[in-house]
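Welcome! Open the structure in your viewer and follow along, one selection at a time.

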Amino acid sequence: MGVDETPAALAGVRFAQCTITHWRPAAPFLLIMSIAVSACIRPSRSLRLVLLCYAALNLTVALALVGRWAAGIGAASVLPAWCAGACALAAMLAWRASAQGEMRRRIDISGLGEIRLTVQQSLGAVPAEADVLQLLPGSTIWPHSLLLLLGSSGGKLVSVLLIWPDSLAREQFRGLSVALRAIAGRDNKFVGNNKIL
């Protein structure tokens with residue numbers, strides 16, 4: 001009796017020599033990733049620079065339009081004066097928005113996905129107890145910025161939070177982004193009416 005050395009027979013021998021084991025973790029709950037994260041969000045320098053550049057651009061356009069209108073070019077129309085006023089107003093609002101970004105915020109996400117946002121008014125102040133907020137439809141998560149619409153349990157908008165990468169440490173930004181994506185996927189209400197990626 002000879003030994004069958006055909007490829008099919010050899011594959012069967014190799015398969016017979018292999019032992020298949022099923023791995024089971026000793027504690028299955030250890031495989032669940034916690035989405036708990038806490039981060040202190042400081043004002044973004046990049047956002048402040050963008051707002052100041054926008055204010056300067058609008059102020060320049062307003063002054064140019066006023067100069068043209070005062071020189072008599074287009075004086076028959078009040079449109080340049082209206083446009084100059086609109087640009088001056090936009091410049092003032094952008095400058096004011098850049099100056100208001102001094103408050104630090106702290107966002108806490110629990111392991112269950114509860115979001116709490118506290119605002120630190122001054123360095124010595126103790127922040128008050130924050131209410132539980134939820135992520136509202138329309139919130140946007142990009143790889144390099146987060147636009148969060150946070151609301152009460154009734155769906156009323158409470159806060160709009162724009163987080164740029166220089167607002168917190170890189171690891172915290174990544175952890176916050178992952179936690180927010182997990183909350184959005186868990187709630188399953190962001191599928192057609194939201195821009196969460």
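Helices here are DSSP runs of H or I with at least four residues, and strands are runs of E with at least two, numbered from the N terminus. With that in mind, and remembering that this is a predicted model, let's begin.

**Stop one: residues 49-67.** The chain here is 100% helix and 0% strand, and its end C-alpha atoms lie 27 Å apart. In the unreviewed UniProt entry, the annotation "transmembrane region" covers residues 49-67, along with 23-42 and 73-95.

**Stop two: a helix pair.** Now select helix H2 (residues 45-70) and helix H3 (residues 79-100). How do they pack? Their axes are 8 Å apart, at an angle of about 160°. Angles over 145 degrees count as roughly antiparallel, so H2 is roughly antiparallel to H3. The crossing of the two helices is left-handed.

On H2, the contact residues include Arg48, Leu51, Tyr54, Asn58 and Trp69. On H3, look for Pro80, Cys83, Cys87, Trp95 and Ser98, among others. Sorted by class, this contact has 21 nonpolar residues, two polar and one charged.

**Stop three: Ser145.** Move on to strand S6 (residues 145-151), where you will find Ser145. Is Ser145 buried or exposed? Its relative accessible area is 13%, and buried means under 20%, so Ser145 is buried. To see what surrounds this residue, select Thr140, Ile163, Trp164 and Phe173: Ser145 touches each of them, leaving aside residues up to four places away in sequence.

Notes:
Residues numbered from 1 in each chain as written. Predicted model: local features only at pLDDT ≥ 70, side-chain atom pairs only at ≥ 80, totals over all residues. Heavy atoms only, no water. Axes fitted to C-alpha atoms, helices over the stretch in contact; angles between N-to-C directions. Parallel < 35°, antiparallel > 145°, perpendicular 65-115°, else oblique. Left-handed = near helix turned anticlockwise from the far one by under 90°. Contact = heavy atoms within 4.5 Å. Nonpolar A, V, L, I, M, F, W, Y, C, P; charged D, E, K, R; others polar. UniProt positions renumbered as here; feature names shortened; annotations may be inferred. Buried < 20%, exposed > 50% of the residue type's maximum accessible area, 1.4 Å probe, protein only.
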